[in-house]
Amino acid sequence: MGRATVTIVTGKAEARQRVQSGRSGVLREIWEHRADYAYVLPAIAVMLVVIAYPIYYTIELSFFKTPPGLQLRDKTFIGFDNYTTILTSEVFWRVTWNTLIWTLGSTLIAFVLGFATALALHREFVGRGVLRAILIIPWVISAVAASYIWKWIYHSDFGIIGAVLVGLGLADRPPNFIDSVNTVLPSLIVVNIWREFPFAMIMMMAGLQTVPEQLLRAAQVDGASAWQRFWHVTFPHLRNVSTVTILLLAVANFNSFIIPWIMTGGGPSNASHIWITHIYELAFGRQRWGVASAYSVLLFLTLMTLGYFYVRALSGNERQEGSA
Amino acid sequence: MSTTAETAPRSLSRRRMRVDGWRWTGRIFLAFMLLYTAVPMIWMLITSIKSGFAALQFPPQWWPDEPTLASYEKLLDPQNSVGQDFLRFFWNSLFVSTVTTILSVIVAVPAAYAFSRFSFPGRNFLFFAVLLRNMFPAVIFLVPLFILMRLLGLMNTHGSLILTYLTFGLPLAIWLLKGFYDNIPVQLEQAARIDGATRFQAFILIVMPLSTPGIIATAIYSFIGAWNEYIYAYTFLTKNDQLTLPVGIQRFFSENTTDFPGLMAASFMMSVPVVVLFLVLQRYFVRALTEGAVKH
């Protein structure tokens with residue numbers, strides 16, 4: 001029995017090599033590996049239904065004028081009209097600018113804070129585990145709860161920050177953090193960073209553990225300062241993790257919805273609308289399904305560009321893993 | 001040689017000073033981060049034990065004059081309509097999250113294993129297709145899924161949520177687990193197969209136990225993701241008795257609510273399950289990231 005299995009295994013490997021040497025036998029190869037597909041099939045099936053179909057449908061809908069109420073049989077083909085409507089509207093540029101600030105601001109600050117925290121937590125000290133656990137909590141609790149907590153903290157009459165500022169004599173009356181066009185976006189970014197820096201922290205902590213201790217010690221013996229050790233030894237080792245972390249954060253931020261939606265609903269006067277909240281409002285608020293779909297397609301194209309880098313960064317990681 | 005001996009002690013002390021400087025910077029920074037992280041959560045707790053009247057005062061009562069658990073009692077009281085709703089939403093969230101988690105693991109484990117071990121045509125393409133899912137925001141899928149769910153007759157059911165949640169938990173789950181399987185030596189399975197185990201038995205008996213931390217991490221990730229999900233639940237569910245917590249809470253506390261203690265108590269109760277779960281199992285999660293995703 002055992003011997004039989006072994007021969008089958010080697011036979012299969014030989015066959016695989018033979019097929020791989022000639023390019024003609026793709027179908028045969030697929031047939032040979034038919035059992036392997038069974039493992040991925042459930043995942044792929046779910047993905048197809050819930051992803052491929054929606055993407056196709058969104059693209060189709062973006063070329064149609066749609067009646068409200070989703071009676072989609074009554075849609076009419078209008079070519080690129082939805083796209084021109086979007087690109088010529090003022091709101092579009094406002095929202096795009098907001099999205100840019102929101103995504104870049106949240107991503108970079110969350111990453112820097114998370115990385116710095118990971119470095120500060122790297123050395124063993126009393127209470128480190130507890131501190132780490134506390135710092136992770138904001139990442140775990142729901143964005144809905146976070147939004148309500150911060151809405152209460154920013155409250156223009158009874159908020160704690162306003163009270164502290166007045167108490168310290170820094171302001172005459174509590175400032176309007178989220179009701180004012182100028183401060184709303186930065187205020188929301190602070191909330192977003194609050195929720196996201198722990199993710200960067202975890203990733204970078206995991207990364208820090210892979211930095212070889214001997215190299216650091218060797219650098220120290222050679223007289224490298226703490227900064228030099230960080231810059232020349234630690235940081236190069238973390239380049240991959242950093243790229244992946246920043247990309248994951250950027251994608252998550254670009255796609256975020258809950259915090260602006262619950263805290264301000266995009267207001268006041270669109271000052272905190274980002275692409276996603278704007279699309280949601282167009283679709284489910286104003287029922288302009290066609291325009292919303294065209295927006296989604298633009299979003300999709302933007303993300304594909306981002307995605308190109310994302311996949312490249314992840315597969316870079318892959319290659320390294322394979323070679324190690 | 002002699003110069004080195006003379007300057008060595010001085011440069012050493014200077015270096016120690018500089019190291020101390022970094023260490024102090026680190027401590028001050030950590031203190032700042034602790035404040036930033038903890039103050040909002042502490043303020044949530046303090047507000048939740050205030051009476052409605054005490055919460056609406058300026059300057060605020062830093063510690064309530066008369067702490068009260070009234071808000072919690074109201075939320076947990078099955079006699080009262082708010083309590084009934086809250087407990088129902090809680091149960092709905094628990095049900096949806098648990099089923100999602102179990103299904104995610106069942107689907108992700110074999111897929112990750114196949115991506116790690118087999119070299120079938122299209123393997124890389126499929127792997128990246130799966131990862132790409134993470135790139136796209138809920139909104140892109142929302143309108144078509146809305147229509148699809150109507151078509152499948154899943155509107156206003158938890159099934160619509162479970163099916164949707166599965167897909168956004170899967171990419172990261174598969175990626176994490178694949179990293180794990182990559183690090184388990186193939187020889188272990190080969191040895192088992194030489195001893196007469198089938199491929200499936202080798203998988204179940206050898207590979208699965210070794211990847212337990214990865215599976216636990218995957219499960220936590222799916223659970224937390226499903227528990228906290230808002231946008232699909234907000235769109236697919238309209239009937240009050242079906243709502244999950246994130247949406248349900250919003251329904252109780254309308255736009256201009258003044259019941260901040262109630263809102264804070266509800267936010268706290270909603271956070272408890274995931275925070276506890278995560279804190280208990282976090283070492284698996286960190287380990288999974290270290291061994292699976294980040295390892296060089």
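Domain 1 of chain B gives four residues to the contact between them, and domain 2 of chain B gives seven. On the domain 1 side, two of the residues are nonpolar and two are polar. None of the residues on that side is charged.

The model is predicted. Its confidence scores are therefore reported before the packing is described. The predictor assigns the complex an ipTM of 0.82 and a pTM of 0.81. For chain B, the average pLDDT is 81. A pLDDT of at least 70 is reached by 85% of the residues of chain B. Among the elements of this chain, helix α4 of chain B has the highest mean pLDDT, 89. The lowest mean, 66, belongs to helix α5 of chain B, residues 123-132. Residues 1-7 of chain B have a pLDDT under 50 throughout. For this stretch of chain B the model has zero contacts beyond four places in sequence.

Within chain B, helix α4 spans residues 81-117 and packs with helix α12, residues 245-252. Their axes come within 9 Å and cross at roughly 160°. Angles over 145 degrees count as roughly antiparallel, so α4(B) is roughly antiparallel to α12(B). The crossing of these two helices is right-handed. From α4(B), the contact involves B:Val82, B:Asp85, B:Phe89, B:Phe90 and B:Ser93. These residues meet B:Leu245, B:Gly248 and B:Phe252 of α12(B). Five residues of the contact between α4(B) and α12(B) are nonpolar, two are polar and one is charged.

Helix α4(B) also meets helix α10 of chain B, residues 212-228. Here the axes come within 8 Å, with a crossing angle of roughly 140°. The crossing of α4(B) with α10(B) is right-handed. On the α4(B) side, the contact is made by B:Ser93, B:Val96, B:Ser97, B:Thr100, B:Thr101, B:Ser104, B:Val105, B:Ala108 and B:Val109. On the α10(B) side, it is made by B:Ile215, B:Thr218, B:Ala219, B:Ser222, B:Phe223, B:Ala226 and B:Trp227. By class, nine residues in the contact of α4(B) with α10(B) are nonpolar and seven are polar. No charged residue takes part in the contact of α4(B) with α10(B).

In the model, 86 residues of chain A are in contact with 87 residues of chain B. Helix α3 of chain A, residues 34-61, supplies 15 residues, the largest share of the chain A side. By class, the chain A side has 66 nonpolar, 16 polar and four charged residues.

One helix pair spans the two chains. Helix α14 of chain A, residues 275-285, packs with helix α6 of chain B, residues 138-152. The axes come within 9 Å and cross at roughly 15°. Angles under 35 degrees count as roughly parallel, so α14(A) is roughly parallel to α6(B). This crossing of α14(A) and α6(B) is right-handed. A:Ile276, A:Ile279, A:Tyr280 and A:Ala283 make the contact from α14(A). B:Val139, B:Leu142 and B:Val143 make it from α6(B). The contact of α14(A) with α6(B) has seven nonpolar residues, with no polar and no charged ones.

Methods:
Residues numbered from 1 in each chain as written. Chains lettered and ligands numbered in written order. Predicted model: local features only at pLDDT ≥ 70, side-chain atom pairs only at ≥ 80, totals over all residues. Axes fitted to C-alpha atoms, helices over the stretch in contact; angles between N-to-C directions. Helix = DSSP H or I, 4+ residues; strand = E, 2+ residues; numbered from the N terminus. Parallel < 35°, antiparallel > 145°, perpendicular 65-115°, else oblique. Left-handed = near helix turned anticlockwise from the far one by under 90°. Contact = placed C-beta atoms within 7 Å. Nonpolar A, V, L, I, M, F, W, Y, C, P; charged D, E, K, R; others polar. pLDDT = per-residue confidence, 0-100.
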